[in-house]
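Hi there,

Here is the structure I promised to pass on. Please have a look at it first, and my notes follow below.

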Amino acid sequence: MVKAIIFDIFGVFYKPKFLVAGTYDEKMIALVKELKSKGLKVFAISNSFDSFAPLHEVFDKIYFAGEIGFYKPDPEAFLYLLKKENLTPEECVYFDDSKSNVDGGRKVLIPSFLFESVDETTRVLKEELKLF
């Protein structure tokens with residue numbers, strides 16, 4: 001049974017723009033709020049440094065590689081989160097916009113999906129995983 005959803009931040013929630021500050025994807029933020037309202041935990045794991053202050057209130061916890069000492073796609077990054085949150089790989093689902101990071105999640109047996117869009121992520125969560 002899935003208890004937690006894990007997302008990447010950069011490229012999924014935060015959309016960088018050339019030479020100006022990026023924007024946060026409000027549809028993804030709304031999706032996280034909907035998942036949490038269903039009783040799911042929602043975490044982020046990021047290779048970026050902690051510059052996403054507005055997202056701290058969205059996620060249950062954000063794990064930054066520089067703080068935990070492991071960078072995706074290293075399986076140790078995923079294992080660290082699982083251990084800290086007392087979760088098994090089968091209890092999680094992971095979305096990232098990088099295929100190598102998705103492969104890293106799969107190496108520790110977390111069902112992992114390549115992020116393409118909010119609509120596709122919602123479809124996977126609803127239709128394939130039946131989470132809501």
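Let me start with Thr122, which touches Leu31 and Phe132 when residues up to four places away in sequence are not counted (contact means heavy atoms within 4.5 Å). A word on the source: this is a predicted model, in which local features need pLDDT of at least 70 and side-chain atom pairs count only at pLDDT 80 or more, while totals for chains, interfaces and linings use all residues. Residues are numbered from 1 along each chain as its sequence is written, and side-chain values use heavy atoms, with hydrogens and water left out.

Back to Thr122: this residue lies in helix α5 (helices are DSSP runs of H or I with at least four residues, strands are runs of E with at least two, and both are numbered from the N terminus). Thr122 counts as buried because its relative accessibility is 18% (buried means under 20% relative accessible area, exposed over 50%, partly exposed in between, with a 1.4 Å probe and protein chains only).

Helix α5 (residues 118-128) packs against helix α1 (residues 26-37) at an angle of about 20 degrees, and their axes are 10 Å apart (axes are lines fitted to C-alpha atoms, for helices over the stretch in contact, and angles run from 0 to 180 degrees between N-to-C directions). The two helices are therefore roughly parallel (under 35 degrees; over 145 is roughly antiparallel, 65 to 115 roughly perpendicular and the rest oblique). On the α1 side the contact is made by Lys27, Met28, Leu31 and Leu35, and on the α5 side by Val118, Asp119, Thr121, Thr122 and Leu125.

Next, the sheet. Five strands form an open sheet with parallel pairing, in the order β5-β4-β1-β6-β7 (two strands pair if DSSP finds at least two bridges between them). β5 (61-64) and β7 (112-114) stand at the edges with a single partner strand each, so one side of each has no neighbour in the sheet. From one strand to the next, the twist averages 20 degrees. Within the sheet, β1 (residues 4-7) and β4 (residues 41-46) pair over four bridges, and Ile6 stands opposite Phe43 in β4. Helix α5 packs on this sheet too, touching β1, β6 (92-96) and β7.

And where does Leu82 sit? Leu82 is in helix α3 (residues 75-85), and is buried with a relative accessible area of 5%. Beyond its neighbours within four places in sequence, Leu82 contacts Leu87, Thr88, Pro89, Cys92 and Ile110.

Best wishes
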